[in-house]
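This briefing covers helix packing and charged side-chain pairs. Please look over the sequence and the model first.

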Amino acid sequence: DKIAFGIGKGAKNQVHPKGDAREAWTRLKQRYEPNTGTELLSLHKEYMSLELNDIKEDPEAFITELDELRARMKEDPFNEEIPDNSFMIHVLNSLPVEYESVVESMEKDLGIGILTVELLKEQVWSKYKRLTKKTNLKDNQLALTTEVDKGKPKYNLDKKQGFKENC
């Protein structure tokens, strides 16, 4: 299987009259890829506003989205680098309160210089799995309670005789 690509004469002349592919690519990027200060400001704003708001949300997707924004800011034409420590601080400050115990532990590790981005991802993922396991248990208990509550309970607790069937 082959993929063919071509540019019509009119378009070719608008992109680059000499037919140099590298120069044509550069011109296309300049024309269609925003590279202004406004775009950098927009990327920073999006980066800073991202938070993991719901404990049911996958933190890996959240961290990946942050990392992708960080990578875009690092590329040309912005060349704006966000160091790993700043990235990890942002992640830790953007997690829901249910992650507090693991955040405290990672803050200590960050302070003594042993926390890495990979270790942070592993610890956040581990906490997420524990939280979803607990949440699923609570959801199942809630579903069971709701089903029982829909109708009249079959049994009541009698202090003298224990459980007895409703009549």
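Buried means under 20% relative accessible area, exposed means over 50%, and partly exposed lies in between, with a 1.4 Å probe and protein chains only. The model is predicted, so local features need pLDDT of at least 70 and side-chain atom pairs count only at pLDDT 80 or more, while totals for chains, interfaces and linings use all residues. Residues are numbered from 1 along each chain as its sequence is written, and side-chain values use heavy atoms, without hydrogens and water.

**Helix contact**
- Helix H4 (residues 59-74) and helix H5 (residues 84-93) have axes that come within 11 Å and cross at roughly 145°; axes are lines fitted to C-alpha atoms over the stretch in contact, with angles from 0 to 180 degrees between N-to-C directions.
- Helices are DSSP runs (H or I, at least four residues), numbered from the N terminus.
- Phe-62, Ile-63, Leu-66, Asp-67 and Arg-70 in H4 touch Asp-84, Phe-87, His-90 and Val-91 in H5, where contact means heavy atoms within 4.5 Å.

**Salt bridges**
- Six salt bridges are counted, each a side-chain nitrogen of Lys or Arg within 4 Å of a carboxyl oxygen of Asp or Glu.
- Arg-70 and Asp-84 form one of them at 2.9 Å, N to O, and this pair joins H4 to H5 across 14 residues.
- Arg-70 is buried at 13%, whereas Asp-84 is partly exposed at 42%.
- Asp-67, Arg-70 and Asp-84 are linked in a salt-bridge network.
- Glu-81 pairs with Lys-74 at 4.0 Å, N to O; Glu-81 is exposed at 55%, and Lys-74 is partly exposed at 48%.

How values were computed:
Helix = DSSP H or I, 4+ residues; strand = E, 2+ residues; numbered from the N terminus.
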